[in-house]
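Let's take a walk through this one, a piece at a time. Have the model open and follow along.

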Amino acid sequence: MRNKNSQFNQLPKELDSVFSELEVNKHLRQAGIKKSFGFSCSYLFQLIFCLIFQHRNWFSLLDSKKADQFPAKDAVYRFLNQATFNWRRFLLLLSTFTIRKVASLTNRTRPKVFIIDDSSYDRNRSKKVELLARCFDHASLKMRFYKGFRMLTLGWSDGHTFMPIDFSLVSSRKSQINGISDHIDKRTCGYKRRQNALQTEPEQIPDMIKRALTSGIEASYVLMDSWFTLPPLVKAIVDQGLDVIGMVKETKQRYNVNDKMVSLKQLYRLAVPVPSGKGVLRSIHTTMANGTPVKVVFIQNRNKKSEWLPILSTDCTLSEQEIVRIYGMRWDIEVFFKTTKSLLKLEKEFQSRSYDALIAHTTIVFTRFIVLSWQNRCNTDERTIGGLFYELCDEVNELDWAVALQQLIELLQDVIKQTNKKIKKLIQSQLEQWISNLPSYIKAYLPISVCES
């Protein structure tokens, strides 16, 4: 017989408080992720969310002795395959709410950035997954082709905490293996995500940033790898009021220096050497072919010191060292990809053919990372203790040591009055001996009655 309370005790106590603090269930309802009957969406969401913390997958959980306490397999898969649920809105609401809490703990002068990158989403053993495509893994040392998707991700970072904001499982029109299912309703959010998946990554990035800015997330820079630092995309981001800092690779791209179009290698020769740059070799102010003014900094390649790596910045007021330091924050998204795949079971936990299920499960994995990232910030930042921290700080500022010492002695005297005569004499003598040994400048701050006693 199924436990009637099973719908309300899925989360451990530690996670239950975080779910309440981040208002996860509220964001689910606002994104239209709700049902009129049966198991609630919040219950099914929590059930899938907690699988990783129970060291089980859905199959092994149903095969265990506690299987009768959980819903049938179909209930979970119907939840994941629902095309009407707006998972993109849910992730945006949750990340925006959490980022505001994190931003309150971050110094206002500290740069806050958007980070854009993609990673492989492998489905090599699949044949009938919706929108499955043959993709090229440019980040792998093997430079391989694989079956699956490109997981384009937009994240936010303050240099200490990373939060995923939006993502797209990108397919391909040219190398597509399977197309869109004929049974999908074209009015649903799921169909819009499918249409979005057939766009190129540079076409999707400006819309991702626009949604993030519209939701109220603040950032000053967009950090990108060399695969995305292309003139049209850079201009589209700058037009939205953000500056771009990204690595550049040697392509047919040209730069305008004194009305002369030069390549990246020629630009390096024209650049001015940076004295005592500590790895920063040269820098130069130039203009891209589409008229966007940029500053290009050339740094030494640590793996091969005879080579250099160019970093482009549309904020020409930044120093060379500051450009390199801010670009270093881009590594946060690489850590995020590694964590979600190795520890949070991205790609592995559910094997579904539906594109909706892939989106839903990826969103749940990203939610796991957001919750863990917030908990990590709470455990490492003393300011997250809440109002108690600020109240104690105010009290310490208002209460000097002399007043504190007087209050301590008065407290001891109150305790003495409530004890019997023997203990009273013992404590009184010990207190008098302690006061007599105090320096005279401290005795001066004590009440006369205390000193005389």
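**A walk through the helices and strands**

Start with helix H6, residues 87-103, which is mostly covered: 12 of its 17 residues are buried. Keep in mind as you look that this is a predicted model. The buried set in H6 opens with Trp87, Arg88 and Phe90, takes in the run Leu91, Leu92, Leu93 and Leu94, and goes on through Ser95, Thr96, Thr98 and Ile99 to Val102. As for its length, H6 reaches 24 Å from its first C-alpha to its last, close to the 24 Å expected at 1.5 Å a residue.

Now hop over to helix H12, residues 331-342. Its 12 residues reach 17 Å between the first C-alpha and the last, close to the expected 16 Å. Ile333, Phe336 and Phe337 are buried here, and so are Thr339, Thr340 and Lys341. What covers those buried residues? The cover includes strands E1 (113-122), E3 and E4 (162-170), along with helix H13.

Two packed helices are described by the angle between their axes and the distance between the axes. For H3 (residues 41-49) and H13 (residues 355-380), the angle is about 75 degrees and the axes are 10 Å apart. That makes H3 roughly perpendicular to H13, since angles of 65 to 115 degrees fall in that class. On the H3 side you'll find Phe45, Ile48 and Phe49, and they meet Ile364, Thr367, Arg368 and Val371 in H13.

Next, the strands. E2, residues 133-136, has two faces: Ala133 and Cys135 make up the covered one, while Arg134 and Phe136 are on the uncovered one. E2 pairs with strand E3 (residues 145-157) in the antiparallel sense, over 4 bridges. Within this pairing, look for cysteine 135, which stands opposite tyrosine 146 in E3.

Finish by zooming in on arginine 134, which lies in strand E2. Is arginine 134 buried, exposed or partly exposed? Its relative accessible area is 48%, so it counts as partly exposed, the cut-off for exposed being over 50%. Setting aside neighbours within four places in sequence, arginine 134 is in contact with Phe145, Tyr146, Ser175 and Ile177. Serine 172 is worth a look too: it sits 38 residues from arginine 134 in sequence, and the two are 7.8 Å apart in space, C-alpha to C-alpha.

How values were computed: Residues numbered from 1 in each chain as written. Predicted model: local features only at pLDDT ≥ 70, side-chain atom pairs only at ≥ 80, totals over all residues. Heavy atoms only, no water. Axes fitted to C-alpha atoms, helices over the stretch in contact; angles between N-to-C directions. Parallel < 35°, antiparallel > 145°, perpendicular 65-115°, else oblique. Contact = heavy atoms within 4.5 Å. Buried < 20%, exposed > 50% of the residue type's maximum accessible area, 1.4 Å probe, protein only. Pairing = 2+ DSSP bridges. Expected span 1.5 Å × (residues − 1).
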